[in-house]
Amino acid sequence: MQCNICTKKKATVHLTEIIDGQVTELHLCEECAREKSVQMEQQFGLADLLAGLADFGKQVKDVDKVKLDCPHCGVSYDDFKKFGRLGCSECYPAFRDHLSSLLKKIHGSNLHLGKAPLEFPKPVGPQIETLRDLKAQLQEAVQKEDFEKAAELRDKIRLAEKKEENQP
Amino acid sequence: MNINDLINHTAEWLRGAGPNSNIVMSTRIRLARNLAKVPFPNRAEKKDLLNVVDELNKAIAGNDYFKDSVLLKMNELDSIDKQFLVERHLMSHEHAVSGDGKALIVSGEEVLSVMVNEEDHLRIQVMQSGLTLNESWAIINMLDDSLSKKLQYAYMGNWGYLTACPTNTGTAMRGSVMLHLPALVMTKQINKVLAAIAKLSFASRGFYGEGTQARGNIYQISNQVSLGHSEEDILQNIGGLIRQVIEQEEQARQALFMQNRSMLEDKIFRSLGVLKSAHIISSQETIELLSMVRLGVDLGILNQVDRSHINELFITIQPAHLQKIEGKKLTPAQRDTRRAALIREKLGGV
Ligand SMILES: [Zn+2]
Ligand SMILES: [Zn+2]
C-alpha cells in the first residue's frame with residue numbers, strides 16, 4: 001500500500017482520524033506520519049500535547065488496539081468510562097495511554113511526587129529519574145515551541161515507559 | 001472492646017482541645033490503599049473481599065497502633081449500629097450499604113480507623129481534635145509504612161498509589177479540617193470565603209456527611225488534587241488555607257463582639273436557655289443552638305460550659321446515637337423527647 005500523502009513511499013503507519021464524527025483512514029509512510037503528528041499536536045494546542053502524548057501513539061497502533069481490556073480483571077476501558085471505577089491495579093498499565101491524559105486532566109499532573117511503600121522493589125529508581133527528566137525536558141521544549149525536539153523526546157519517553165512496563 | 005463500648009466513651013477528636021480548637025473542631029487524614037492484583041471491591045468476589053479482611057487482620061496483629069482495636073464486620077451489624085458508626089465519622093454512608101465482605105477497624109480512642117473494602121481495599125483514617133495536620137500525618141505515615149512491609153500495595157513509580165477511582169490516584173490522600181464558622185455566617189461573608197476555597201480547588205462541605213448542606217455553621221475543607229505534589233506539600237497548602245479562614249472567622253467574631261455585643265449575648269444566652277429547658281427538640285434546632293453556645297464558650301461569654309460537652313452533643317443528639325443510648329428503637333417523636341433529656345442531663349438543665 002502506498003502512502004496517502006506523498007503517494008510514493010510504502011505506508012507503514014495506519015491512522016484513524018475522527019473529524020466532526022467523520023471517520024477517515026489514513027495510511028502513511030514514516031516520514032509523512034511524523035509531519036502529520038506535529039500538525040495534529042499544533043491543532044490540539046500546547047496544553048494538550050502532554051496529555052495527548054500517548055493518545056497519538058494509540059491512534060497509530062489503532063489497528064491492534066480495537067479492544068482495550070485489562071488482561072487481569074477483564075474490565076474494558078468502556079466499562080470504566082461508564083462506571084468511573086477501574087477493576088484492579090493492573091488496569092492502570094493496561095489503560096496507560098488513556099489514563100495518563102485523564103490523570104493530567106484531573107490533577108494537573110500525571111507524575112507522583114509523594115511517598116512510596118517501604119518494601120516496594122526499587123530497581124525502577126534511576127529509571128524514574130530519567131523518565132522524570134525527560135518529561136521535564138519535554139515540557140520545556142513545548143514551551144519553547146521546539147516541536148522537533150518535543151517529538152524526539154516523546155519517542156524516548158514512550159520507549160522508557162515501555163521498558164518500565166515490561167519489568168516484573 | 002466492642003461497639004457498645006464506644007457509646008460510653010468520648011472520642012479523642014471530640015475533646016475540643018488541641019491547636020486552634022476555638023474554631024477548628026477536628027483534623028482528619030485519610031489514605032486509600034489497595035492490594036496489588038486483587039480486584040478492587042467493585043469487581044471483587046466475596047472470597048476476594050474476605051481475603052483482604054484476612055490479610056489486613058494478619059498484617060495488624062502485634063501492631064501497636066491497633067492494640068485496643070475492634071474489628072466490626074458489616075454483615076454482623078444491624079442498621080442502627082451502622083448508622084451509629086456513620087454518625088461518629090468512623091465510616092461513610094456507602095460503607096453501610098450492603099455488608100458482605102466489608103469491615104471496619106476502630107482503635108480504642110477512635111483516633112484510628114480503617115474501612116475495609118469500601119471503594120478501595122483500605123481507607124485508613126486518623127482523626128484528632130484541633131488543627132493537627134502535621135501530627136496526624138506523622139501518625140498515619142508511620143502506620144502506613146508499617147503496613148506496607150506486610151501488604152503488597154498496588155503502586156506504580158510514576159502514578160503512586162493506585163485507586164479504584166483515578167481522582168484519588170497518586171498520594172491517595174485526603175486531608176480534611178472541620179471548622180466552626182458562625183461569625184462568617186452571621187456576617188454573611190461565608191459564601192465569599194467558600195467561593196475562594198473552590199477557586200483554589202479545595203472542596204468544602206457540611207459536617208453531617210458528604211453532599212449535605214452545612215448545619216450548625218460547621219464546614220469541612222479538604223484537598224481535591226492528590227497527584228503531582230508530595231503529601232507534605234498538599235497538607236501545607238491545606239494548612240495555609242485553613243489559617244486564612246481562621247483569621248477571617250476571628251476578625252468576624254471580633255467585629256460582632258465589638259459592634260453587636262448585646263445582640264450576640266442575647267442570642268447565646270437564649271440558646272443555652274432553650275437547650276437547658278426544652279423537653280422536646282429536633283436535631284435541626286439543637287444543632288443551630290449548640291453552634292451559638294459553642295461560640296459563647298469560645299468568646300468567653302459562657303464560662304461554666306465545657307467545650308468538649310458541646311462537641312460531644314453535636315454527635316450524640318443524632319438518631320442512631322439516641323437509640324444506642326436508649327438501647328432500643330425509637331420513633332422520631334420519642335427521639336425528640338430523649339434528645340431534650342440528654343441535653344438537659346449534659347448541660348445541667350431544669
Ligand atoms: Zn508519505
Ligand atoms: Zn484490571
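Colleague: What spacing do the donors of the zinc ion (ligand 2) follow along the chain?
Modeller: The pattern is C-x2-C-x14-C-x2-C, in a model that is predicted. Donors here are N, O and S atoms within 2.8 Å of the metal (3.2 Å for Na, K and Ca), and water is not among the atoms, so sites may look incomplete.

Colleague: Which protein atoms are they, for the zinc ion (ligand 2)?
Modeller: The SG atoms of C70(A), C73(A), C88(A) and C91(A), lying 2.3 to 2.4 Å from the zinc ion.

Colleague: Why is the arrangement around the zinc ion (ligand 2) tetrahedral?
Modeller: Because the 4 donor atoms subtend angles of 100 to 125 degrees; four donors count as tetrahedral if all angles lie between 85 and 135 degrees.

Colleague: Is C88(A) buried or exposed?
Modeller: C88(A) is buried, as is C91(A). Buried means under 20% relative accessible area (1.4 Å probe, protein chains only).

Colleague: Where is confidence lowest in chain A?
Modeller: In helix α2(A), residues 46–60, with a mean pLDDT of 37. pLDDT is the predictor's confidence in each residue, from 0 to 100; helices (H or I, at least four residues) are DSSP runs, numbered from the N terminus, as are strands (E, at least two). Where pLDDT is low, the predicted coordinates should not be read in detail.

Colleague: Switching to chain B, how many residues of β8(B) are buried?
Modeller: 7 of its 8, over residues 173–180. Strand β1(B) pairs with β8(B) in the antiparallel sense over 7 bridges, where pairing takes at least two DSSP bridges.

Conventions:
Residues numbered from 1 in each chain as written. Chains lettered and ligands numbered in written order. Predicted model: local features only at pLDDT ≥ 70, side-chain atom pairs only at ≥ 80, totals over all residues. Heavy atoms only, no water. Tetrahedral: all angles 85-135°; square planar, octahedral: opposite > 155°, others 65-115°. Buried < 20%, exposed > 50% of the residue type's maximum accessible area, 1.4 Å probe, protein only.
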